[in-house]
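Me: I would like to learn how to read a structure like this one, feature by feature. Could you take me through it slowly, giving the general idea before each case?

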Amino acid sequence: MVDKLLEFFEEILEKDPGEIKSHNKFRDYEEWDSLAYISLVTKIDEQFDVTIRQEDFQSLMTIDDIARYIEQSRGS
Amino acid sequence: MASTSFNHVGIKSISVAVPARIYNNYTDSDFFDADEARKIVDSTGIRQRRVADENICASDLAFAAAQKAFSETGVSRGSIDFLIFVSQTPDYKMPPTANILQDRLGLPGSCAAFDVNLGCSGFVYGLNLAYSLALQPKINKVMLINAETRTRAYSFKDRQTGFLFGDAASALIIEKGIDYGPSWFLMDSDGSRHDYIMIRSGGYRHPSTPESLMERTLQDGSVRSDEQASMNGLGVFEFVITQAPVHIRKILDISGLSENDIDWFVLHQANLAMNSYLIKKLRLDPRKVPSNLDRFGNTSSVSIPLTISTELRDRVKPDARIIISGFGVGLSIGSALISLNKLHISELVEV
């Protein structure tokens, strides 16, 4: 799952493969904006059938956090 | 989900009025420069919208739409037993705008007139109410009006909302009839997110003060007062892409119909990204999902009848089945599958 999320981030933030690490704080990238957020939540919804409630998303700092959230949502 | 179903009741006519004044989102902003405006417009898909002059209120647009409905259908004013006025930009806090219209339209004193305070889901909720009332044995016809001067509620200097909204009104005549096919409605609320779209001050919780009227500059450079609406656009986006597909699939399920049986899917015109994603997620044929967002923007509860009026007037077949879905402030969502029977759609009226 983390690999798929990394792929999403590379595409959305227009980064080279391997450039983004799963422990990076994705909000630190200057390309991160509201359109990036919309792209990300729709990709996650499509791929994993999970929508992340916006208040919950605020507390997710890294791609690892997002992966954990998705796993927990799918498990519940 | 609150779920209702009806038979032998339907929409006789749809008439819509908009202000004649066209506001060009690319060029008409005094606050955002051309580059910024272009960026915002390209992401929302709203190139222009209709903006009412200062002296035009929601009831003025509603009056024009309703007059058109009476003149084109030949329905007598005396046959209207209920007048429902759905709006969040009424002429006054009190009295209800419905009563002002009852008088101005020449409807009899026997007509029960009342307002409903709902936004983008309000067409579906209003239609559900109108169908319920029209089926009563002693009721002849119901007029459902949705009317908004939504551009007054938001700051034109707000990056989140200043380019989205347009003004419009629709008037529908609802009646019983053996030839009207079945319809199904679903409605849900999420009050835990009531602050996602909100005018914080100017009501009775936080009354109007000189401070609440004062414009403030926000972190993103937007400027608005506490008496202008704020929106958590990303939160609303997440709500809609989660809830709307569930509604539409559920409606198909309870009606026993498939996507192929539906002629049109008319979604609330919120913004391009949202509706494009709903089409993708539900795997809808984009040709069956009409849009006028680029020319009229988000007209709140009027957007569904406005889209039917401008996009389907010459294309809808007499017995078409349409799925409609409206979602927004509340938060609130309503969807329905409606069966048409020779629906009359008026030409757009400009005020």
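Me: How many salt bridges does the rule count over all chains?

Reply: Side chains of opposite charge can pair when their charged atoms come close. The rule used here asks for a side-chain nitrogen of Lys or Arg within 4 Å of a carboxyl oxygen of Asp or Glu, and by this rule the count over all chains comes to 27 salt bridges. Before going on, note that this is a predicted model, in which local features need pLDDT of at least 70 and side-chain atom pairs count only at pLDDT 80 or more, while totals for chains, interfaces and linings use all residues. Residues are numbered from 1 along each chain as its sequence is written, chains are lettered from A and ligands numbered from 1 in the order in which they are written, and side-chain values use heavy atoms, with hydrogens and water left out.

Me: Which parts of the chain does the pair of B:Glu238 and B:Arg193 link?

Reply: The side chains of B:Glu238 and B:Arg193 meet in a salt bridge at 3.0 Å, N to O. This pair links distant parts of the chain, 45 residues apart, with B:Glu238 in helix H5 of chain B and B:Arg193 in the loop between strand S9 (183-189) and S10 of chain B. Helices (H or I, at least four residues) and strands (E, at least two) are DSSP runs, numbered from the N terminus.

Me: What is the area buried between chain A and chain B?

Reply: The size of an interface is often given as the accessible area lost when the parts come together. Computed with a 1.4 Å probe and summed over both parts, the area buried between chain A and chain B is about 1,300 Å², of which carbon and sulfur atoms give 58%. A:Thr51, A:Arg53 and A:Gln54 supply 36% of the area that chain A buries against chain B, more than any other three residues. If contact is taken as heavy atoms within 4.5 Å, 13 residues of chain A are in contact with 15 residues of chain B.

Me: How many salt bridges does the rule find across this interface, and which elements of chain A touch chain B?

Reply: Across the interface of chain A and chain B the rule finds 3 salt bridges, and the side chains of A:Arg53 and B:Asp190 meet in a salt bridge at 3.8 Å, N to O. On the side of chain A that touches chain B, the elements giving two or more residues are H2 and helix H3 (54-58) of chain A, and the largest share, 8 residues, comes from H2(A). By class, that side divides into 5 nonpolar, 4 polar and 4 charged residues, where Ala, Val, Leu, Ile, Met, Phe, Trp, Tyr, Cys and Pro count as nonpolar, Asp, Glu, Lys and Arg as charged, and the others, Gly among them, as polar.

Me: What is the volume of the largest pocket, and which residues are the closest to its centre?

Reply: Rolling a probe the size of a water molecule over the atoms shows where empty space is left. On a 1 Å grid over the protein atoms alone, a cavity is a set of points where a 1.4 Å probe fits but cannot get out, a pocket is an open set with protein on both sides within 12 Å along at least five of seven lines, and lining residues have an atom within 4 Å of a point. Grid points are joined across faces, edges and corners, and a volume is the space filled by probe spheres set on the points. The largest pocket has a volume of about 1,100 Å³, and of the 34 residues that line the largest pocket, the closest to its centre are B:Gln88, B:Thr89, B:Pro90, B:Asn117 and B:Ile199. Strand S6 (112-116) and strand S10 (197-198) of chain B each supply at least two residues of this lining, which divides into 14 nonpolar, 12 polar and 8 charged.

Me: Which residues line the largest cavity?

Reply: The structure holds 1 cavity of 30 Å³ or more. The lining of the largest cavity consists of B:Arg49, B:Arg150, B:Thr151, B:Tyr154, B:Ser155, B:Phe156, B:Thr161, B:Gly162 and B:Phe165, with 3 nonpolar, 4 polar and 2 charged residues by class.

Terms used:
Buried area = accessible area lost by both parts, 1.4 Å probe.
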